[in-house]
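This briefing is meant for a reader meeting the structure for the first time. It moves through the model topic by topic, beginning with a single residue.

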Amino acid sequence: METQPKIGRITVAPEVLETIARLTTLAVPGVVRLTTPPGVKRLLGHDGVKIEVTGNTVRVQVYVVAGPDTNLLTVGRQIQSEVTRAIQNLVGMDVASVDVYIEDVAYPSARV
């Protein structure tokens, strides 16, 4: 039984999901920046986040550079948790997976 009448369709563009995943990842302590996946040319709007949508299910891949003195396992798990929560709460879509690829650790450059 439906309690609300259907008056149209709601479509969320994959770019919106990318933005949610990107901003959520950057807000996690220990994340310095997102990076382009290896072997992928840098495209506008695709820096560090890949989204795959199948029906009402989302798969996310994020590629990050972590800060020094951070626990990489903790950062990865927090990214997974926060991105999942953000997509489910803001868009109402199911999240099948959030794969986190820590591509590098950013150390301050030595000044001579």
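## A residue to begin with

Ser97 has its place in strand 4, and the model in which it is found is a predicted one. Because its relative accessibility is 17%, below the 20% limit, Ser97 counts as buried. Setting aside residues up to four places away in sequence, Ser97 touches Val58, Arg59 and Val60.

**Overall architecture**

- The protein is built with 2 helices and 4 strands, and, when read along the sequence, these elements follow the pattern α-β-β-β-α-β.
- The protein has 112 residues, of which 29% count as buried.
- When contacts between residues at least 6 apart in sequence are considered, 71% of them join residues that are at least 24 apart.

**The largest nonpolar core**

- There are 20 residues in the largest nonpolar core, and those touching the most other members are Val49, Val58, Val60, Ile79, Val83 and Ile87.
- Two or more residues of this core come from each of helix 1 (14-26), strand 1 (31-34), strand 2 (49-54), strand 3 (57-66), helix 2 (72-91) and strand 4 (94-105).
- Helix 2 makes the greatest contribution to this core, giving 5 residues.
- Val58, which is one of the core residues that touch the most other members, is in contact with Leu17, Ile51, Glu52, Ile87, Met93, Asp94, Val95, Ala96 and Ser97, once its neighbours within four places in sequence are left aside.

**Val31 and strand 1**

- Val31 lies in strand 1, and its relative accessibility of 11% is why Val31 counts as buried.
- Beyond residues up to four places away in sequence, Val31 touches Thr25, Leu26, Val64, Val65, Val75 and Ile79.
- Although Val31 and Thr70 are 39 residues apart along the chain, their C-alpha atoms are separated by 8.9 Å.

**The largest pocket**

- The largest pocket holds about 220 Å³ of space.
- Its lining is made up of Arg9, Ile10, Thr11, Val12, Pro14, Leu17, Val53, Gly55, Asn56, Leu90, Val91 and Met93, and the elements that give two or more residues to this lining are helix 1 and helix 2.
- Sorted by class, the lining residues of the largest pocket are 8 nonpolar, 3 polar and 1 charged.
- Leu17 and Met93, which are among the residues lining this pocket, are also among the contacts of Val58.

- Side chains of opposite charge can pair when their charged atoms come close.
- The count for this model comes to 1 salt bridge, and it is formed by Arg85 with Glu82, whose closest N and O atoms are 3.0 Å apart.
- Because Arg85 and Glu82 are 3 residues apart in helix 2, they are separated by about one helical turn.
- Arg85 counts as partly exposed because its relative accessibility is 41%, and Glu82 likewise counts as partly exposed, with a relative accessibility of 26%.

**Lys50 and strand 2**

- Lys50 has its place in strand 2, where its relative accessible area of 37% makes Lys50 partly exposed.
- With its neighbours within four places in sequence left aside, Lys50 is in contact with Pro37, Arg59, Val60, Gln61 and Tyr63.
- Lys50 and Thr36 are 14 residues apart along the chain, and their C-alpha atoms are separated by 9.7 Å.
- Arg59 and Val60, both among the contacts of Lys50, are also touched by Ser97.

- Most residues other than glycine have a negative phi.
- Asp69, although it is not a glycine, has a positive phi of about 60°.
- Thr74 lies in helix 2 and is partly exposed, with a relative accessible area of 45%.
- Thr74 and Pro29, which are 45 residues apart in sequence, are 9.9 Å apart in space from C-alpha to C-alpha.

Note on methods. Residues numbered from 1 in each chain as written. Predicted model: local features only at pLDDT ≥ 70, side-chain atom pairs only at ≥ 80, totals over all residues. Heavy atoms only, no water. Core = buried A, V, L, I, M, F, W, Y, C linked by side-chain atoms within 4.5 Å. Buried < 20%, exposed > 50% of the residue type's maximum accessible area, 1.4 Å probe, protein only. Contact = heavy atoms within 4.5 Å. 1 Å grid on protein atoms, 1.4 Å probe; cavity = no way out; pocket = protein on both sides within 12 Å on 5 of 7 lines; lining within 4 Å. Points joined across faces, edges and corners; volume = space filled by probe spheres on them. Nonpolar A, V, L, I, M, F, W, Y, C, P; charged D, E, K, R; others polar. Salt bridge = Lys/Arg side-chain N within 4 Å of Asp/Glu carboxyl O.
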